[in-house]
Amino acid sequence: MVSGVICRDGEVSLVDDLEVRAPGPHEVSVQVVASGLCASDLLPMEAPDPAPMALGHEASGVVTRVGELVRHVSVGDNVAVTCQRPCMNCKECSSNLYSACATTMYDPEPLFRWRGEPVRSLARVSSLASQITVDGFQVHPVVGLQPHAAALIGCAVSTGYGSVKNIGQVTTSDAVVVVGVGGIGVNSLQTARLLGARRVIAVDTNPDKEKVSETFGADQFVLADATWTADEFARGLGDVIGDTVDVVIECTGQPAVVAGSVELLGTGGRLALVGISPRNPSIQMQVPAMMSKHLSVRSGYNGACDPFVDFPAIVRFAEQGRFDLAGQVSHVFALTEIDDALDALRSGRVLRAVIDMPGASAWD
């Protein structure tokens, strides 16, 4: 039996009687040391379902069992646990669109049971359980990183990195605007800086995010008004920036911001859609403006990351000190404080929150 956080009918409970199944030939078991917490963990609470789900979707941990066909990790290895689990058989995988693989987050067989009932797994990770079983593709060895830092790679770091590199396709000639300085936004900022963008601008409605933006590579911070319309967003930013905007990394999912980004972009601009707002699923865009300016609008789960290229690169950059992971962790909670952690996440008081799991002493 293992401890874990489950959500059922929108209600969150910490339980100590989850059963996790043994790994198959392509899978590994991981003792979770730390779990990142981000807005995606709130989605099951906003769409209540009577079927229980084990929460958490990014982690660091120690490998405890290895399937017979897994070669790249061994028992005792420190690893970052990520969401992507490509099947390697579909059209998407054969086109290197691994994050679009239909099975990447699907449970062919329940990973958990609770009181005799199957339990679904969030993003096929469920890192808020003390012991998990994941596909071999989902674990990446890390050396020299602390568990709190490594726990962020699976979602926030990789999504921010991929949104800039893969979706926005940022180059050294680009002026980049990142809207929303949260967990994904700070990683978008530092990736744009890492890739040598000509100018990096951060936008948020919270004035406290100015210092954070500077820390993670922004040349300029623009304080936006949450009540702005699309036109006001475009004019307000355009007046302050005073420059052609080549790429917008949109991390809020707010319709006015998305539509305003279309107006803000210059000729040949790229809009990367990252934010998810389930309460506002429809967005209006000015198609004539998009066509006349030859704009591209792209999106993709997890920053459209390639698990064979991008995750090892992120780990390498972090190990070299070129990517700041530890500096993103603003709050650390014990697993028993999960309710407080979720409240802090909802309120926006945290940059990145990490949950210390019962197996923290296993990390060497």
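Guide: We will go through a pocket, some helices, a few strand residues and some loop positions, one topic at a time. Please keep in mind from the start that this is a predicted model.

Visitor: How many of the lining residues are nonpolar, polar or charged?

Guide: The lining of the second largest pocket has nine nonpolar residues, together with four polar and two charged ones.

Visitor: You mentioned α10. How many of its residues are buried?

Guide: Seven of the 10 residues of α10 are buried, so this helix is mostly covered. The buried ones are Asp-310, Phe-311, Ala-313, Ile-314, Val-315, Phe-317 and Ala-318.

Visitor: Then α5 next. Why is it described as largely enclosed?

Guide: Because nine of the 12 residues of α5 are buried, the helix is largely enclosed by the rest of the structure. The buried residues are Gly-183, Gly-185, Val-186, Asn-187, Ser-188, Leu-189, Gln-190, Thr-191 and Ala-192.

Visitor: What surrounds them?

Guide: The buried residues of α5 pack against several elements, including α4 (153-167), β11, β12 (199-204) and α6 (209-215). The list also has β14 and β18 (352-356).

Visitor: What span should α5 have, and how far apart are its ends?

Guide: At 1.5 Å a residue, the 12 residues of α5, which runs over residues 183-194, should span 16 Å, and the end C-alpha atoms are 17 Å apart, which agrees. Just after this helix, Gly-196 takes a positive phi of about 80 degrees.

Visitor: What about α8, how much of that is buried?

Guide: Helix α8, residues 255-264, is mostly covered, with seven of its 10 residues buried. They are Val-257, Val-258, Ala-259, Gly-260, Ser-261, Val-262 and Leu-264. Among the elements that cover these residues are the helices α7 (230-241) and α9 (287-292), and the strands β11 (175-179), β14 (245-250) and β15 (265-273) also take part.

Visitor: Changing topic: where is Trp-114, and is it buried or exposed?

Guide: Trp-114 is found in strand β7, and it counts as buried because its relative accessibility is 10%, where buried means under 20%.

Visitor: Which residues does it touch?

Guide: Leaving aside neighbours within four places in sequence, Trp-114 is in contact with Ile-6, Arg-8, Val-15, Asp-17, Leu-18 and Val-119. With one of them, Asp-17, there is a side chain to side chain polar contact of 2.8 Å.

Visitor: How far is Trp-114 from Cys-90?

Guide: Trp-114 and Cys-90 are 24 residues apart in sequence, and their C-alpha atoms are 32 Å apart in space.

Visitor: And Ser-121, what does its side chain contact?

Guide: Ser-121 lies in strand β8, residues 117-121, and counts as buried at 6% relative accessibility. Its side chain makes a polar contact of 2.7 Å with the side chain of Ser-126, and a polar atom of the Ser-121 side chain also lies 3.2 Å from the backbone nitrogen of Val-125.

Visitor: Last one: which loop holds Asp-9, and what is its phi?

Guide: Asp-9 sits in the loop between β1 (2-8) and β2 (11-20), and its phi is positive, about 55 degrees, although it is not a glycine. Asp-9 is partly exposed, with a relative accessible area of 45%.

Visitor: And what about Arg-115?

Guide: Arg-115 also has a positive phi of about 55 degrees without being a glycine. Arg-115 is in the loop between β7 (112-114) and β8, and at 62% relative accessibility it counts as exposed.

Key. Residues are numbered from 1 along each chain as its sequence is written. This is a predicted model: local features need pLDDT of at least 70, side-chain atom pairs count only at pLDDT 80 or more; totals for chains, interfaces and linings use all residues. Side-chain values use heavy atoms; hydrogens and water are left out. Ala, Val, Leu, Ile, Met, Phe, Trp, Tyr, Cys and Pro count as nonpolar, Asp, Glu, Lys and Arg as charged, and the others, Gly among them, as polar. Buried means under 20% relative accessible area, exposed over 50%, partly exposed in between (1.4 Å probe, protein chains only). Helices (H or I, at least four residues) and strands (E, at least two) are DSSP runs, numbered from the N terminus. Contact means heavy atoms within 4.5 Å. A polar contact is a pair of N or O atoms within 3.5 Å; within protein, one must be able to donate a hydrogen and the other to accept it, and residues adjacent in sequence count only if both atoms are side-chain atoms. The expected span of a helix is 1.5 Å times one less than its number of residues.
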